[in-house]
Every structure is written in structure tokens, then in C-alpha cells.
Amino acid sequence: MTRCSTRRSTVAVRRTVLGLMLGIPLLAPSVMAQDAMPGSQPIEGEAAVVEQPRVLISEVLIEGLEGHPEEERLQISTYDAMQVRPGMRVTREELQNDLNGIQATGWFSDVRIVPKNGPLGVQVVVQVEPFPPLSAVEISGDNGNLLADEVIEETFASDYGRTLNLNYLQQRMKALQASVADQGYSLARVSGPERVSPAGVVTLKLLQGSVAGVEVKFLTQDGDDTDENGNPIRGKSKEWVVTREISIQPGDPFNRNQLEKDIKRLYGTQLFSDVKVSLLPMPGQPGDVVIVLGIVEQSTGQLSGGLGFSQSQGMFGQVQLQETNFMGRAWTVGTNITYGQYGGLANFNFSDPWIYGDKHRTSFRTSLFLSQEVPQVFQSEEKGNIRTVEDYINNGSGSAFETGRAYSFTGNGGTDNAPDDVNLASTEFPTRSWFDYEGDTVVLRKTGGSFSFARPMNGGDPYKDAKWTLVSGMSFSEVRPINFAGSSRPYGVATKKRSAGNGEVGKDEIICVSYKCADSNTLIAARFATTYNTLNNPRNPTSGNFFSAGTEQFVGINSDSPTFNRLRASYTEFFPVDWLKLHKGCRPKPGEQADCPQAIGVQIKGGAIMGEVPPYEAFCMGGSNSIRGWYNCDLAVSKAFSEVTIEYRFPLISIFSGEVFMDAGTDFGTQGDVPGKPGLLLDKDGSGVSVGTGMIVTTPVGPIRLEVATKDFSSDYRFNLGVGWKF
């Protein structure tokens, strides 16, 4: 009975699948042992196995590929994956390894090994079911469209129409993963396939890795988020000052590149010395994280002072008090007091870099000021100046005469002594015009304020890198021409003309310092401007361009208030070059990145004024930010102008850089259109060309320029000390 039972079991096993289906064993080891060794003594229990006996393999057959378009290729791949060959004696484990090897080729969705007894041994039949030809790839879970259709098509282009292979599919999935990671989605994972349809449509799954929330923690300088009592650190800044700079919102796919830009914006506020970022996984939500920002605030209050020199103020001292995070709202509040030889300035300013709740990132700034300065319009370096006249009576004569001098009015060789008082002189000589020369420097005292709004043209996306910016605002000021004692002095006279005429000057050479010779002028203006910026570096650009254009409309509100319009425009372009290699950063070693900022910069700018403009509001040409071969405002005082600059900048060594430049400018002959014609009275050239060179020192407060430039290619040159690049 035992033997018969054994034979019935053996017959049953011959019809049983010997291999695995998709890696799941379908024949127990004990059954194969019994089938392989029919003459052996069975052990107690059919599932018991003592050892794995070997079976003689007489033939290996592959079924399931008949008529397949890639039949030969798949047969070769199957045979190559097997170690079993006809004539070999193998164990069940070796057949299992072959089955795994065939499955590992990636060509088949189902693999079975079926044994059949033959006269010479066991015949092994490998039954395979190949995957269908790949026809399409679908992505599930891609709610943020991280994988564009073009990327998928390009990745699988060589596979469409060919038999799907899981190994090749895994390689393509890695390529998709790399594409997603290159976009910054470092938490996203491509997995699958979830499904392969009979039509060859493969469905892959994309686990995006989303942001569940953004948290802000304020830290001490040592990085602690609690104080000695275990209480959370409370920051000075409002939490929304931090979070409004973060473009990643809860529910968005996590993007490392986007987060890095957000952190860069946080540093750009100059409110924080360090930003530590950590990602906390969300329990039960695979791939989702909470972004925790550890904020280390820096000191935002500043008290500074210094000494300096300028042509308008002479030697001066300056004290500045500023807070850049007022009330924790990123507001800047400051006051500046400057006092010099010729004038001073008291200024209070307020600015908000981003109006709360505005999606356009509109900024606001305003200021109030009281200043006293020497306008360079009435100054000349070598050809005299326009000095104050205490009083002036115009009686309609062709010349004006200085009081207190002797003149020969009768023509008989005698002299007439004019009184020292202009009223007495006018009474004694009523047909002649008289002026009382004081000889003080013309000083302007200005009191007023201004405000402006600036809006990037970002379409309502505050994180968009907007190239265009619109600016609008208004200014209000009262301007009084005075002497150093503070008395009103609306008239002036050119010292060179006075000296040449021994006190007698032409009637047009007594000029109004203010509009209509008033004791004060009220200036009210509306300003509109736009800028376009593609510069690659705001401090020392080497490529890109910058364009600006603006208009100021001044509106008269009384007889002493002028009405005029002032237009300005400028265009700057930088072209990167690699000519000089003096700086070691220009000679990088293999594997190092070059640090050699050098470029050709070109700037064109111009302007025009229409209407009755006070002379102190005219354009000034010449100086460190104009035509550098002339002193400040020493080239022209005009109603229109144009300037062109070509400049080559290159690094030298350490913090030193060099420059070679050429400036050229013209007033278009408009100095005579300025009321009083101060430029012509002081014999200013009106146009010129300047060639020069300079050295720039990079400091924490910005570049400092030391330059030397010539006038019109002559030996007449001047030195210039400036802060910051010219453009």
C-alpha cells in the first residue's frame, strides 16, 4: 500500500509546475525529491526532505514565444540566463536559480518551469509570457506636473514599439528621477510599475514629497531655541516678516532650489545673521515634511559718524542713527545730520521694503529734510564764481554799477562818487541801475519732503524676478537763496565780470539766483519713472543691461512757484571680456572656477528740461559721476545734455581693481537757455571729452575710486576720489 501510494503521488507531481511564478515557489522541495527519486525510501510525512537529490535533465524547451516578433532575441536571453543544460544532473535549488535568472532578465511577466519525464531523463519545459511592446507611459500622483510630457517622451523614445523590459524600465525611471531632482524636487520618488496593461501602457507612480507646513523658530547666537528657563526664544521680528519671503506654501511639492532662493531672500533683508533649515517628516504621510526655519537675528540698530569733504559742503562731519527693523516689521527709520564748512543737512527718513499684504511687493519710502548747501551751478574752479548781491535796483540802464565806487558819468574827465547805499545811489543817479555787492558764496536753504512708491512688474507674484519696476511719487520743498548769515540774497553777480568792469557789469550779468528773483520758491513735483534691470551682479556687473527713464512735472501754485518738466533717461550695457590675467582668480588651476570679473561697460544718458526752470534746478555736467576731466558742474549748466562713457574694468590683485575710461558729453548749446545763463557767465565749456584711468579698492562700505582724467586730450588733468562705481 505504501508503494502504490508513492507511485500515485509521483504521477501527480509529473503534472505539477516545478518552477516559480513571479518568484513565488509553486512546487515544494519535498515533492520534487519524491518525484526525482522514485526508488528511494520515503521518509515519514510527504513534506519531509532530508537532502536534495539530483535529476538527469534530458532536454530544455522554451514555450510561449512562438510567433513573437522578437522570438529569437528572447530565446537567447532565456537560455543565457540558465545554468541548466541537457545531460546535467541538477537539484531543485539549481532549477530555482535558473527560474530567478530568467525572471531577472526583465522580459517576462510570468515564468514557469514544468518537468516532464522522458525515456532518458527529465525534460524541462520553460513556459514564459513576455511583456507586451511598450506603447505609452503614464504617471500617477503627479499633481504638480513635475514630469512634463516632453520629458517622458524623450526618456522612452527608444523603447516605444519594443518589448517592455523591466530592467530597462528601471533605468528609465532613474533618468526620470534625475530629471525631477535636477528641478529641485529632491524628495520626489518615481516607483513602479504599478500596472502594465495588455496594450503595453505602463503606469508609474510619482511620490512628490509635499510641504505640510512652514514653522519659524527664533534661535540664540549659540543656536538654542529656548532660554535658560526652557521658554521658547521670542524674536524681535514679526513671524510674517520671515514667512512672507517663503514662496513654498503648505501643499506645494518640496523644491530645494525654490527653498534656496527663499533663504537667499531672507538673507537679502539684512535682518538675520543665520538661517538654519531642517525638514521634519510627517508621521503617516510618507514623503511629506514640515520646513522648520531656525532664525538667528542680527543687530539692526546702527550709530555711525565720520568726516569727509565735498565741493558743496567743504570739510564736513556726519552722524547717522538708523534702525532697519523698526517694531519688528522690517521698517527702516533713520536720521542723518551733516555739518560742514559751507552747509549742512538734517534728514529724517522712513522706508517699508514691502507694504504688508501687497502681492506686488510694493515698497514705500518718505523723507523730511532741512539742508543748506552751496550749489555748484554758481561755482567755477578757475573762472570765477557768482557771488551774492545784497540789494539791486534796476532802473533800465544797459549796465549796472556797484555802489561805493567812483565813476565818470559826465564824460568831462571828472569822477562821481557813488553812495554806499543802493537807494541813495539810485536817488542821486536815477538813470542808472545799482547793486550793492556783498561777495558771499551763494547758499540755498531747502526745507521739504518727498514720498515714493516702487512696484516691480511681477504680475502679482511677489517672488517673480521682475525686470521692470515702476516708480511714482511726489516732492515738496521751499528753496531760499541766502548768504552765510542766513539773509535772503536772490541776486548774484559773476566776480570775473565785476572785476573786469571795475564794478560796472552788463544788465544781464546781474542774475536771479531764484525763480523770478523771489526771496523763496515753492517747488511741488510729481515724479514717474521706470527701470529695466538684467545685470548679473548689482555691485560689480560683468554682463546684462540697465535702463531707466523718468519725468518730473513741477507745478506752480503761486507767482514764485515755477512750472516745468524735467526728463531723464540712461542705458547701460556690460560685455564680459577675458583680456588681462593679472589677478590669480583669472588663472584658475584645473578643477577650480575662475574668479575674474572684467568687462567693457557702456553708458549713454541724457535729459531735457521744458519750461521756466530756476537756475539751481538746471543740469550740471562734469564731476566724478559725469565727465571726469572736469570738476563737479564745471563743464556746463544746461537745459539739455547727453553723455557717453566707455569703461574697461579688470581685477588687479587682492582687493584692488583697475579701470580705463573715456567720457564725452555735450550741452547741445543750451547753457544760454538757463535763466541768468550762469554757465556762460562763468565761461563753462559746454562740451568735452575726458580720458583717464583709475584704481578701485573694494571695502566693506563699497568700492572707493581714485582716478585721474584729462580735459580734451590735453595736459590739463584732475584727480577724482569717489565712492562706488560710476555706473
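Let me start with Arg405 and Glu402, whose side chains meet in a salt bridge, 3.0 Å from N to O. By salt bridge I mean a side-chain nitrogen of Lys or Arg within 4 Å of a carboxyl oxygen of Asp or Glu. Arg405 is partly exposed, at a relative accessible area of 27%, while Glu402 is buried, at 7%. Buried here is under 20% relative accessible area, exposed is over 50%, and partly exposed is in between, using a 1.4 Å probe and protein chains only.

A word on the source: this is a predicted model, where local features need pLDDT of at least 70, side-chain atom pairs count only at pLDDT 80 or more, and totals for chains, interfaces and linings use all residues. Residues are numbered from 1 along each chain as its sequence is written, and side-chain values use heavy atoms, with hydrogens and water left out.

Back to the charged pairs. How many salt bridges are there by this rule? The count is 28. One of them links Arg73 and Glu70, at 2.8 Å from N to O. Arg73 is partly exposed, with 30% relative accessible area, and Glu70 is buried, with 17%.

Another salt bridge joins Lys711 to Asp716, with 3.8 Å between N and O. In this pair Lys711 is the buried residue, at 14%, and Asp716 is partly exposed, at 32%. There is also a network: Arg628, Glu647, Arg649, Asp663, Arg705, Glu707 and Lys726 are joined by salt bridges that share partners.

Next, a sheet. Which strands make up the open sheet of six, and in what order? The order is β26-β19-β22-β18-β25-β27, and the pairing is mixed. Helices (H or I, at least four residues) and strands (E, at least two) are DSSP runs, numbered from the N terminus. Two strands pair if DSSP finds at least two bridges between them. At the edges are β26, residues 504-506, and β27, residues 510-512, each pairing on one side only. From one strand to the next the twist averages 45°, taken between N-to-C directions of axes fitted to C-alpha atoms, on a scale from 0 to 180 degrees.

Strand β25, residues 491-494, runs antiparallel to β27, and three bridges join the two. Within that pairing, Gly492 has Ile511 of β27 as its bridge partner.

Ser426 sits in helix α9, residues 422-428, and is buried, at 13% relative accessible area. Leaving aside residues up to four places away in sequence, Ser426 touches Ile393, Asn395 and Trp434, where contact means heavy atoms within 4.5 Å.
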